[in-house]
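Good morning, and thank you for making time for this presentation. Please have the sequence and the structure open while I speak.

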Amino acid sequence: MSALISVHGLSKYYKLYAHDFDRVREIITGKPHHQKFYALHDINLEVREGQVVGLVGKNGAGKSTLLKLLANTMQPSEGSINIHGRVAALLELGASFHPEMSGHDNVYLNCAIQGLSTAETERVYADIVEFSGIGEFIHNPVKTYSSGMFVRLAFSIATHIDPDILIIDEALSVGDGAFSRRSFDRIMAFKKAGKTIFFCSHSLYQVEALCDHVLWIDEGRIRSAGAPAPVITAYGEFLRMESALPPGAEMQANQSANADEGAATGAAMRDGDLPRITAVRVAVDGHEAKTQRVMSGVSDVVIEIDFHPGRNLPTPSVALVFSGGDGRALASAGTLNDGLVLSPGADGLGHVRVRFPKLPLLKGNYNLDVYLLCERGLHAYEAALQAAELNVEQRGLAIGVVDLPHQWEV
Amino acid sequence: MLNFVLRYCRQIIDGLTTPFVLSYRYRGLMWMLLRREIATRTSGTALGFIWPLVQPALQVLGFWFLFDVVYGMRLERGANFLSYLLTGMLPWLGLSEVLNRSANMFREFASVFRRTPFPIEILPVQLLCLPSVVYTAVLCLIAGLLFGALAVLKALVVIPLLMVWLLPLVLCCALLGLFLRDFAQGLPFILMLLLYCTPILYFPDMLPAAMRTWLWLNPFSDLMALIHAWLQGLALPLNSLWRLLGLWLLLLGPAWLLFRRSLPHVREVL
């Protein structure tokens, strides 16, 4: 299969001038009067149709520059990019909206910028409006829209131009409430339809779950590329060495607002149709509390999660993560990963309990985060971050974070 | 030398064709940008699109009031001062508006192209579109009232041709306005001086003889001479025509070359 995207010897440098006039001098004479600051250096890449490529790297590594070059909003300084197909980029949604123009006119303007003819725009216009849920407000100036309406319309335009390549920066969903789930479904539909996706994220979990090829960019160069698991592992180790791993980064299932807020702060649900966590109870040896003393290898830890499964949606899955004080995920468990399909009870509510007998974590303080995820385990409806704090004590002198089951033989 | 001339000619052809070819290719986008421009200018006003049409007429009315009513200027040879003033002033207002806007062109459209795959090369032509329509409409009306029905047909081509002639100046002003921000601040003053140095508010022969000889250095004098002759059905001053054409050919190639060279810098600067 031929490559949909071919990148050869791609470099991007920003020109630094000692004086503003040096730039003018350079333009007039055609001779360089600048110093180069390389954001990307000698990138080579081939992406086939249907590939989902993940992009990881620290802030400032050059990920955004690469995405902008692929989205054709920036020109390469050296090398070439050949793209066979239409690109839709979910970068800075709605940046070219004009506040004084109506939603209708902004749809036509943005479609025209993306290269659609008026006839092509007319064909997708109804779908854009329907998907965005803007309704009759489409004829009002976008300056009167709420931020949610604004981003819904922008997302709807970006994903209705029938792209061959979709570029996603960070979030697998946009907006809030029900639209967050709809936007996630739409992105998944692109994957299912065999579209090529570029996905840049700090959520290593999502990158690993979604992508079939991962690039790790570091200081403007590809440091590692290949199957997700080894690249993600190497990158995760690198971050830990650099102590740059943000708390919860490995699981950080979704960047959308409803994932990071919610149960952690005790906020009430925002949308009655969406799944939500209603309660998290942690019991150690039958005693329930948010902060628990645990005896390593002795105490039984039972975690119960109640949730509302939402309406007209597949029953969600539940996952939980134990993390250390530095935010590093140490262990996890998930119904999807363990093959357990949840179903609501007679009262229409969901309930699941997980038991960790003789908890093998060694001494230390641990946090428990609980996630209510979609049936694919990718989109987080809600996160109960630090739902419980476990202060583990131990007898004996074992070191590390976990007491592995073992047998001595002589 | 031959190589230089060939390259020069290629730039001229490129500068004349590329913006218009791209404008045709992206005509849907240009139409939406035109609507965007109108929305920006007329948003919140009761008269809406009437304003861009009325504004030039009101400005002309102001000049007429000053020179005809207040100063009571009467010209020799029985010439009608009002018709002379209007014939020259309307194209000048259009020219002045376009050049002033071109100095801020990149900033005006920055939100559209900064984060999108936008063909920046169409912007100079985009800038000329609305003034072409507005000033052509007003000039046709005025020419019809002053010189009769035939002048309406003649007036149809005046502003569009003027705008095409302005293309190299638009390219230069856009670049200067972007890279040397002081230029945009000083340009209105420069244009005001040029207005006074151009026979718009007076006949050329009203100038002292010593100054009159310097008029040939001002291409806008040639422009005015051509417009007056064309609309009034007089013999066209061919010297003016060739000078304007020569200047246009001289400027278009280098202006286009510089514009193309600047494109990679535009997004970086903004």
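Predicted model: local features only at pLDDT ≥ 70, side-chain atom pairs only at ≥ 80, totals over all residues.

Asp162(A) sits in the loop that links helix H5 (147-159) to strand S6 (165-169) of chain A. With 13 other C-beta atoms within 10 Å, Asp162(A) is partly exposed.

I turn now to chain A as a whole. Chain A contains 9 helices and 18 strands. Its C-alpha atoms occupy a box of roughly 80 × 55 × 45 Å along the principal axes. The domain assignment divides chain A into domain 1 (3-241) and domain 2 (257-393), and the centres of these two domains, taken over C-alpha atoms, are separated by 33 Å. Of the 410 residues of chain A, 42% count as buried. Among contacts in chain A with a separation of 6 or more, 73% come from residues 24 or more positions apart.

Val302(A) belongs to strand S13 (residues 301-308) of chain A. Apart from neighbours within four places in sequence, Val302(A) makes contact with Ala283(A), Arg353(A) and Arg355(A). Val302(A) has 16 other C-beta atoms within 10 Å and is partly exposed. From Val302(A) to Phe37(A) there are 265 residues in sequence and 54 Å in space, C-alpha to C-alpha.

The second example is Gly103(A), in helix H3 of chain A. Gly103(A) counts as buried, with 25 C-beta neighbours inside 10 Å. Leaving aside neighbours within four places in sequence, its contacts are Ile134(A), Phe137(A), Ile138(A), His139(A), Asn140(A), Val142(A) and Leu153(A). Gly103(A) and Asn44(A) are 59 residues apart in sequence, and their C-alpha atoms are 40 Å apart in space.

Let us move to chain B. How many helices and strands does chain B have? There are 12 helices and 0 strands. The radius of gyration of chain B is 19 Å, close to the 18 Å that the globule rule gives for 270 residues, so chain B is as compact as a globular protein of that length. Its C-alpha trace spans about 60 × 55 × 35 Å along the principal axes. In chain B, 35% of the 270 residues count as buried. Of the contacts in chain B between residues at least 6 apart in sequence, 71% join residues at least 24 apart.

Just after H7(B) comes Gly148(B), with a positive phi of about 100°.

How do the two chains meet? The contact draws 27 residues from chain A and 23 residues from chain B. On the side of chain A that touches chain B, strand S1 (3-16), helix H1 (20-29) and helix H3 (103-113) of chain A each supply at least two residues. By class, that side of chain A has 13 nonpolar, 8 polar and 6 charged residues.

Finally, the largest nonpolar core. It has 175 residues, and those touching the most other members are Ile167(A), Ile168(A), Phe198(A), Phe199(A) and Val170(B). Helix H8 (residues 149-179) of chain B gives the largest share of this core, 15 residues. Domain 1 (3-241) and domain 2 (257-393) of chain A each contribute at least three residues to this core. Not counting residues up to four places away in sequence, Ile167(A) touches Leu67(A), Leu70(A), Ala71(A), Val87(A), Ala89(A), Leu90(A), Leu91(A) and Phe198(A).

Definitions and conventions. Residues numbered from 1 in each chain as written. Chains lettered and ligands numbered in written order. Core = buried A, V, L, I, M, F, W, Y, C linked by C-beta atoms within 7 Å. Buried ≥ 20, exposed ≤ 12 C-beta atoms within 10 Å, placed from the backbone. Helix = DSSP H or I, 4+ residues; strand = E, 2+ residues; numbered from the N terminus. Domains from an automatic or database assignment. Contact = placed C-beta atoms within 7 Å. Rg over C-alpha atoms; globule rule 2.2 N^0.38 Å. Nonpolar A, V, L, I, M, F, W, Y, C, P; charged D, E, K, R; others polar.
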